[in-house]
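Subject: Structure handover

Hi,

Here is the structure I promised to pass on. Have a look at it first, and my notes follow below.

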Amino acid sequence: MSHHLWHRPRTAEADGTGHGNHKVSFSDSSKRDSSRPSASRTNSHNSSPRLLSPRGDKDRDRPRSQQLWSDNRAWQRVNRQSEALWQESPSVLSPSAPQPRPFLIYHDSFLSLLGPSPTLSLLISDPRAPYFHEAGVFHPATNTLFITSNQIPDTSPDAVTTSNKTIVITKIEFFSPTDFTRDKVRCPERNYMANGGTNFRDGIILCAQGSLREPSGLIYMEAKRPHKATTLLNNYHGRPFNSPNDVVVHSDGSVWFTDPIYGYEQGFRPKPQLPQHVYRFDPSTGDIRVVADGFGRPNGICFAPNEETCYITDTDVIHGDGTKVHSRPATVYAYSVYWTNDQPYLTNRRVFAYADTGAPDGIKCDVYGNVYAGCGDGINVWNSGGMLVGKILIEGGCANFCFGRNGEMWCFGEHKLWRVKLGDETKGALLGV
């Protein structure tokens, strides 16, 4: 008999930048793949910009790698290279355009995602506490964004079981891109140390990391006041989870989540009794099973738009005690999703990408299949083939982020909340709005 706790919530329906001098290049438009929006096809391949070079025509017959690295002048920062590209071709964004310069272009397909006038703006800066850290769940019906904080000191008696730390859920209701109200969610006490989150039915699911006393697991929270919460799952066949970190919902209604040991390393969870797995939970049947293992620290998780690929990040480079060892993974892995006996499983694990700065934390796809991850220098963007096509540089890095409507993104920089506006057609795959 299965002893894990599960419950189907009642709903209205049914109850970091040290750039490695990376080559910036633009490909022939005839070689673009289906992961790029059709808007990028408007540029003729005859006008494709090229990398400015101080060398003359005599270098044209030399191998490209020799042209790039034959002298020290090729060793320059990526943003300077991007500027050179901007200045060279009228088909590329002008440096005099009204956007700041955080948009680094590694491939011309990124231009279509950016749109004609991309912007990065600071919405909130709050030095009191790191209120903008994880989750990032946009609820379209109420035009509301939910964000979980990083750990905040808490001297109250109830915080003893969380090593005198707490996590706050912030709720931001938008009336326009820059007109909003900000409030704290008065969450029930069972929702200890909330972290990642995602949309689920009429509300949201949050990863409750738990405490030394309270179990960890998955919490369903209603999006509207009073934000009633229900425990969906709090153990694996009687064995406690470590500290669930991030979560995504498949179109079949199943809930997939990662479970690293960060809570134990940070002193608010007991000694682990399970490996660091990735799980699939079916709320309709109560089935809970392991779908992936072999991680240093499994973290972010998302599906491609067609759900044939699952992306999972491994942030083993940074442990919960703050130690960093750069020889450990800072990697995005891709898995193929196969079905047998009406059940999905993950196979064909392969390295999809490696973050050159910091670690890839939160991860999401857009409707074209491009993959976005919050890293030490901001948002890194790869196409579905694993090619880095661009970056959105954000001061202090970005652990997580969330798509809104029509190319809008919110990026979480601990004490700062940033708004990014991309092209109107660059929509998040999760909501498609």
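Gly 286 takes a positive phi near 85° in the hairpin of β15 and β16, which has 4 residues between the strands. Strands here are DSSP runs of E, at least two residues long, numbered from the N terminus. Before I go on: this is a predicted model, where local features need pLDDT of at least 70, side-chain atom pairs count only at pLDDT 80 or more, and totals for chains, interfaces and linings use all residues. Residues are numbered from 1 along each chain as its sequence is written, and side-chain values use heavy atoms, with hydrogens and water left out.

β15 and β16 (residues 287-292) run antiparallel and are joined by 5 bridges; two strands count as paired if DSSP finds at least two bridges between them. Asp 282 has Asp 287 as its bridge partner in β16. β15 also runs antiparallel to β14 (residues 255-258), with 4 bridges joining the two. There, Trp 256 stands opposite Arg 280 of β15.

So how much of β15 is buried? All of it: 5 of the 5 residues in this strand (residues 278-282) are buried, so β15 is largely enclosed by the rest of the structure. Buried means under 20% relative accessible area, against over 50% for exposed and in between for partly exposed (1.4 Å probe, protein chains only). In a regular strand the side chains alternate between the two faces of the sheet. In β15 both faces are covered, with Val 278, Arg 280 and Asp 282 buried on one side and Tyr 279 and Phe 281 buried on the other.

- Ala 135, in strand β3 (residues 134-139), has a positive phi near 65° without being a glycine. Ala 135 counts as buried because its relative accessibility is 3%.
- Met 193, in the loop between β8 (179-184) and β9 (194-200), is not a glycine either, yet has a positive phi of about 55°. With 3% relative accessibility, Met 193 counts as buried.
- Arg 225 and Pro 226 are joined by a cis peptide bond, with omega about 10°. Pro 226 sits in the loop between β11 (217-222) and β12 (229-233).

Last, confidence. The protein averages a pLDDT of 82, and 76% of the residues score at least 70; pLDDT is the predictor's confidence in each residue, from 0 to 100. Over residues 1-100 the pLDDT is below 50, and this stretch has 171 contacts in the model beyond near neighbours in sequence (a contact means heavy atoms within 4.5 Å).

Cheers
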